[in-house]
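Keep the structure open and follow along.

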2 protein chains.
Amino acid sequence: MSLQRLQALRALMSSQRPVLAAYIIPTADAHNSEYIDAADARREWISAFTGSAGTAVVTSSQALVWTDGRYYTQFEREVDLSAWTLMKQTLPDTPTLEKWLASNLKDGDVVGVDPQTMTRDEWTPIQTALKKISAQLVPISNNLVDDVRIELGDPAPKRSHNELAPLHVRYTGRTAGEKIAELRRKMAEKKASALVLTALDDIAYTLNLRGSDIEYNPVFFSYLIVMETNVVLYWGDGQLPPSVTDHLREEGVDSVEGKPYGDILEGLKEMARELSESGDGRHVIWLSNDANEAIHRAASGSDVLKRPIDLISEVSPVKLAKLVKNEIELQGFRNCHIKDGIAVVRFFRWLHDQIDGGEQITEVQASDKLLEFRRDEKDFMGPSFGTIAGSGANGAIIHYSPDREGQQTVIERDHMFLLDSGGQYRDGTTDITRTRHMSGNPTAEQRDAFTRVLKGQIMIGSALFPKGVKGNVLDSFARHALWEVGLDYGHGTGHGVGHYLNVHEGPSGVSWRPYPDDPGLNVGQILSNEPGFYKVGEYGIRHEDLIEIVAVDKGSDHPKAKNLRGDYDGRGVLGFSTLTLVPNQRECIDAEIMTDFEISYVNAYHRRVLDTLSPILKERGLLKDLEWLEGQCIPITRK
Amino acid sequence: MSLQRLQALRALMSSQRPVLAAYIIPTADAHNSEYIDAADARREWISAFTGSAGTAVVTSSQALVWTDGRYYTQFEREVDLSAWTLMKQTLPDTPTLEKWLASNLKDGDVVGVDPQTMTRDEWTPIQTALKKISAQLVPISNNLVDDVRIELGDPAPKRSHNELAPLHVRYTGRTAGEKIAELRRKMAEKKASALVLTALDDIAYTLNLRGSDIEYNPVFFSYLIVMETNVVLYWGDGQLPPSVTDHLREEGVDSVEGKPYGDILEGLKEMARELSESGDGRHVIWLSNDANEAIHRAASGSDVLKRPIDLISEVSPVKLAKLVKNEIELQGFRNCHIKDGIAVVRFFRWLHDQIDGGEQITEVQASDKLLEFRRDEKDFMGPSFGTIAGSGANGAIIHYSPDREGQQTVIERDHMFLLDSGGQYRDGTTDITRTRHMSGNPTAEQRDAFTRVLKGQIMIGSALFPKGVKGNVLDSFARHALWEVGLDYGHGTGHGVGHYLNVHEGPSGVSWRPYPDDPGLNVGQILSNEPGFYKVGEYGIRHEDLIEIVAVDKGSDHPKAKNLRGDYDGRGVLGFSTLTLVPNQRECIDAEIMTDFEISYVNAYHRRVLDTLSPILKERGLLKDLEWLEGQCIPITRK
């Protein structure tokens, strides 16, 4: 089947004028979304490879997919290897896509791509590499995979276009009108006549609207253009329902024009033309640097303009605004983590009970049960990502997700069980990983690794650091205790988290990889703190909390506050407060390799978990859960 | 006087066609050298500001210098403030040079600069900013400050052009012929017909020649072009003396052509033209990305070429080659650090003796005495940078250097004394900082800070980490113990060090600032390890060792070796071995805030210093020094 699809695509490539020597199919939608809708899953359809990351290139004789180490095994299982070649992009000898193109194409060759599926930052290096061999990269405005799907009678599913739900200011803390007024101030500083928002979470945040077009991310397909006196929302067929216009009016946004989602490129060209003809100076249009190539081209004006338009292509001001949570959002984060703590504690008590009682519980059943417990909590809207429930060796697969089809893995009593899950609540988003040994009898090696991961998490959680440093500077703290014995983990230590929005939110993070748009850490940001260790084929360990950045001075409630004798020459001292409220398994902690500080840190955290959750468990009459939690929170000590 | 110079420059700017609205005078030579020759000190001459960093901009009505926080006080002392404005570039409200130009110039204005004094990476953002306001940046090939100097009868001093000294393969470990053969292999991979070396230390390293044209850096003004079958050295008047040609022949470099230093731009244009006319494909010329704008323009061919030349502008392969020291170079580093340790130990014993005996020793006298001790050591060639000898409050001035003019500062018995110095030896380069309290009675606050800086140095020195990580990931380890109490230091933690070459050598370093060309840490690299703490107006503390990167496994002589139970999944474990051999002052160490590991680390280091140096001191009959050293190396303990 894959071969038939490839042949049809190749025929279409040959029928283009000029003929395409290669066609690139990224895993992407027009909004640079991390998770994509089925309507945008072109690389998956053409190659049959279902992994979340990868870029396909098809030429007349070859078909290749570049993807990373998470997916090598899966690729070979899913894909017709007689037609497709796997390019292992994490191996040093694998050429990059642009290098491969440069050495496999010839002078005059034309490479096509749907410019809506590539950001300008991705476009430019490919274009440069091709220019060197006198070949070129050209935008093909209709997506050829979509065309092939129609031709073969298997058209792409319709793009999701679900209802919008206003999010009340008691959750957001700031009206859409206030947010847009702030954007206009920033636009005035840059003399920008228009700001084009293309990231779906930027738009949802700005308008205090939520949707459900993409799984787990409460966003909706749209574009938003903010101008000096009006805003234009490209959404659906352009008809905004009264619930939306009423909400926006109540939030102080009077002049909202609806336009059809599909008209964005024409709309931008028209706007560029109108601006170029109005007034007597040059106009500036502000795009986000992750806007796609088609958006960049349209905003610069397709036809001859009276006066050229100046494009600013830099980090969206909404990304920087939503990075710093306001007091209402922070209160919501703290609150939803109490609810989430109750749900996860109830789940683990249930799971231990089942397994101790000899029940066979599969990873999928565990995930479903956890969802049930979360559903009991107020304002719970759904999971914030696909639950990773990995027992034994499955725990070592970093992006594992139990498959509902086929053979189910039972959570064994003598296994480590890694559970990474989260919830969307109207008042915030959670993301928590706990690892537990189901019989409480880990091996000495597992206990050592569990404790070193915990030491790393504590070194981050208890760190003090100057305001304004980038998240990268913290990453090695999380690895130190592992590095000391030759262990490490192959992922970053922390990501930003949206407020009832995407669970992975930029532009900051904690990793050895640079975050070029990180404006520096500041009070009110939310990060995850999630070191791990993975022994392939045996077990995986990860401890993940969400943490809030707080200002610390001598009087603060912070374990290191009283020793402070400076504030970094006036820059200010930052630290973290942990939001997540679920204990770590005592039986897996080796207090012998912990410092006094670390032991008291863990005990204080467990005390806080118990003090916060126990009145609620009592009030709800969940006395068995309370009793279990009390046992989990008994202080740890050295022998 | 400054005003007269400015007026002459402005007159010259007005006489240019087109007239220059602004002229930029960077602190730079044509080789992007860190230290510059007097012949290149144009910004200093025009502004009277002698700081090592800063960029001047002169317009018809304004004259400004952008410089950083180290120099604000000095600027105001040295410069005629009625004519010049200080732009404090480390303050967030100060516009960058390009922003200032964009808001102070108008449509059509022309800004001039000598393109030999600006790298392409510096040129491009200024050009882009000017384009936005329809102004332009143009290269002015004769330097206008040099012209003004001639006009005012104060011509720039002649550029240094000293003799060259071959460095024998018993020091370098690798002949020039082998080094050039390796470069040609790398050129072949990139299909480059020519590699243009412009950094002076790249050239000295490649040819195994040393010079003395720039203070402290044993380099010589030159350019080197490596082609497939010959090499061209632009040096002096182009006449290479027999000592040089003989040396190169002995080292397997047969075909060396000498050309006059001043002909480089014409030579590059000619080469580009010849290449464009030879063969039938396009030719590639490889430039270092820190080559200046004039070099970039010349290599791309000034006139109409038969076929365009493809320029590669990326990190020079010589930078990457000399970053990793070979076994002979490493042996030399270890050896010269023993000699340097002897010199520094003798100096400190002498200094304490003098001060305890009531002598008045100034910072300059101390620096001179230290040089005397170093001169006693074999193959010592001179200091590797200007000695920083800061007593009391002077120690808090990070780039302090005692002035020989005017009032001299005496090193007081109740002061902390910071001494940062180094030597060039034929077998290697040293760079060491020790901080001592001259009476051994620091305040509790000083002792705490001294110890925290030491804890940071130990956290780096004892770190284990995966091969290939960038130096940046280590930086926060050095700050951790300081950050815990709200203290920090305003400089990076480590820099690379050349082998009898520049004491600051790229492209790697340990800092929160990115090192974009860092290829990842690997065995055989040399770094400094130099955390500090500075209390302005009172004292400064810095502990600096040079450290060598070593591979570590369970059997290694490394304090953490025996605990290893992994090698980061095959990536390999790296750690450090300390080269510097001088004790830290015991009286300033507060063992109460150190861990058991840190105490035993310090004691083991002091043991090694004593074991290494004492046989030499004994053999030389330096028994008083030996006795003093023994006292310094007594193990520290908690109360």
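P507(B) sits in strand β23 of chain B, residues 505–510; helices (H or I, at least four residues) and strands (E, at least two) are DSSP runs, numbered from the N terminus. The peptide bond leading from G506(B) into P507(B) is cis, with omega near 0 degrees. Another cis peptide bond links R17(A) to P18(A), with omega about -5 degrees. P18(A) is found in the loop between α1 (2–15) and β1 (22–26) of chain A.

Now look at A48(B), in the loop between α2 (42–47) and β2 (55–59) of chain B. Its phi is near 75 degrees, a positive value in a residue other than glycine. Why point these out? Most residues other than glycine have a negative phi, and most peptide bonds are trans.

## How to read the numbers

This is a predicted model, where local features need pLDDT of at least 70, side-chain atom pairs count only at pLDDT 80 or more, and totals for chains, interfaces and linings use all residues. Residues are numbered from 1 along each chain as its sequence is written, chains are lettered from A and ligands numbered from 1 in the order in which they are written, and side-chain values use heavy atoms, leaving out hydrogens and water.

## Where chain A meets chain B

How many residues does each chain bring to the contact? Chain B gives 29 residues and chain A gives 29 residues, with contact meaning heavy atoms within 4.5 Å. Together the chains bury about 2,700 Å², 54% of it on carbon and sulfur atoms. Buried area is the accessible area (1.4 Å probe) that two parts lose on being put together, summed over both. W483(B), E484(B) and R565(B) supply 24% of the area that chain B buries against chain A, more than any other three residues.

There are 6 salt bridges between chain B and chain A (a side-chain nitrogen of Lys or Arg within 4 Å of a carboxyl oxygen of Asp or Glu). One salt bridge pairs D448(A) with R565(B), their closest N and O atoms 2.7 Å apart. On the chain B side, α16 (444–461), β21 (465–466) and α17 (475–483) each supply at least two residues that touch chain A.

## Two copies, one turn

Chain B can be laid on chain A with an RMSD of 0.1 Å by a turn of 179 degrees and a shift of 0.0 Å along the axis. That is the relation of a two-fold axis. The copies are superposed by least squares on the C-alpha atoms of residues with pLDDT of at least 70 in both. Since 97% of the interface residues of chain B are also interface residues in chain A, the copies meet through the same surface.

## Inside chain A

Chain A is assigned domain 1 (1–152), domain 2 (165–322) and domain 3 (324–633), with bounds from an automatic or database domain assignment. The centres of domain 2 and domain 3 of chain A, taken over C-alpha atoms, are 36 Å apart. Their contact takes 21 residues from domain 2 of chain A and 23 residues from domain 3 of chain A.

These two domains of chain A bury about 1,800 Å² between them. On the domain 2 side, Y171(A), Y216(A) and K322(A) lose the most area to domain 3, together 37% of what that side buries. K322(A) also forms a salt bridge with E505(A), the closest N and O atoms being 3.8 Å apart.
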